[in-house]
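Please read them alongside the sequence and coordinates.

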Amino acid sequence: MQSTPSSKASLKKRTVITRIAGCIAIAASVFAAQRFANSAEAATKIPPPVQDEQVGATHSETAVFAGGCFWGVQGVFEHVRGVKQVASGYTGGAAGTAQYETVSGGDTGHAESVQITYDPTQITYGRLLQIFFSVAHDPTELNYQGPDHGTQYRSAIFPANAQQRNVATSYIAQLDKAHVFSGPIVTRVENFKGFYPAENYHQNFLVLHPDYPYIAINDMPKVSELKRMFPDLYRNDPVLLKVGA
């Protein structure tokens with residue numbers, strides 16, 4: 001893949017500076033360079049999981065997925081019916097290294113991830129996985145997504161319990177057997193070691209900045225594909241994470 005000077009890391013750093021200044025200034029040269037970077041991965045129509053969680057509980061449950069930049073993954077699931085809250089954060093490493101600048105080094109064990117709080121009577125864990133695999137990211141890209149490279153952008157699932165682990169592993173096997181993707185699924189099913197919310201300026205980024213070049217090119221198409229492929233699950237008004245000042 002051809003690298004570009006407008007990587008997500010530099011864009012995020014630029015975001016911090018512009019937020020301090022009180023606005024987000026987008027230079028035309030940056031936008032022009034991003035046009036030649038990889039755009040959103042193509043959505044893939046896939047069947048729902050044969051094995052899914054048994055719905056019975058009326059309380060909320062959580063799911064933790066990692067699929068590249070958390071901006072887009074959070075934005076997709078904020079538009080899903082039955083989802084109550086989505087937070088961007090870090091999973092897989094220690095609490096002491098769960099900061100953006102440290103995680104960006106790629107050697108903390110963390111992956112940029114999202115924690116999804118959902119109502120299992122409205123949407124199941126398996127249906128969340130169906131959206132994760134088909135729309136939110138490309139599960140065949142090893143340690144990268146689009147223009148973003150490194151283990152912090154790996155495709156991973158962090159089950160909260162044995163039932164979620166069984167659903168995830170059986171679904172991966174089902175999809176691989178069906179050859180629905182052009183290559184094998186590289187998504188890792190990892191042990192859950194804790195979820196650490198990302199800095200406030202990362203939260204709700206897609207919804208708050210839909211015209212930001214990285215978002216417009218890489219992530220807004222995913223929301224459009226969610227609406228097209230899952231009209232029964234799409235919500236036009238996203239559920240936003242409440243963050244402090």
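1. The largest nonpolar core has 50 residues; such a core is a set of buried Ala, Val, Leu, Ile, Met, Phe, Trp, Tyr and Cys residues joined through side-chain atoms within 4.5 Å. Buried denotes under 20% relative accessible area, exposed over 50% and partly exposed in between, with a 1.4 Å probe and protein chains only. The residues with the most contacts inside this core are Phe65, Phe77, Ile116, Leu129, Ile131 and Phe133. Helix α5 (residues 125-136) gives the most to it, namely eight residues. Another core, of eight residues, lies apart from it and includes Val64, Ala156, Phe158 and Leu241.

2. This is a predicted model, in which local features need pLDDT of at least 70 and side-chain atom pairs count only at pLDDT 80 or more, whereas totals for chains, interfaces and linings use all residues. Residues are numbered from 1 along each chain as its sequence is written, and side-chain values use heavy atoms, with hydrogens and water left out.

3. Leaving aside residues up to four places away in sequence, Phe65 touches, among others, Phe77, Ile116, Tyr125, Leu129 and Phe132, a contact being heavy atoms within 4.5 Å. Phe65, Phe77, Tyr125, Phe132, Phe133 and Tyr171 form one aromatic cluster.

4. The whole structure contains 10 aromatic pairs. Rings of Phe, Tyr and Trp (its six-membered ring) pair if their centres lie within 6.5 Å; planes under 30 degrees apart are stacked, over 60 edge-to-face, and the rest tilted. Trp71 and Phe205 form a stacked pair, at 3.9 Å centre to centre and 5° between the planes. This pair links distant parts of the chain, with Trp71 in helix α3 and Phe205 in helix α7 (residues 205-208), 134 residues apart. Both Trp71 and Phe205 are buried. Phe205 and Tyr212 have ring centres 5.3 Å apart and planes at 80°, so this pair is edge-to-face. Relative accessibility is 0% for Phe205 and 5% for Tyr212.

5. Glu78 lies in the loop between α3 (70-77) and β2 (83-91); helices (H or I, at least four residues) and strands (E, at least two) are DSSP runs numbered from the N terminus.
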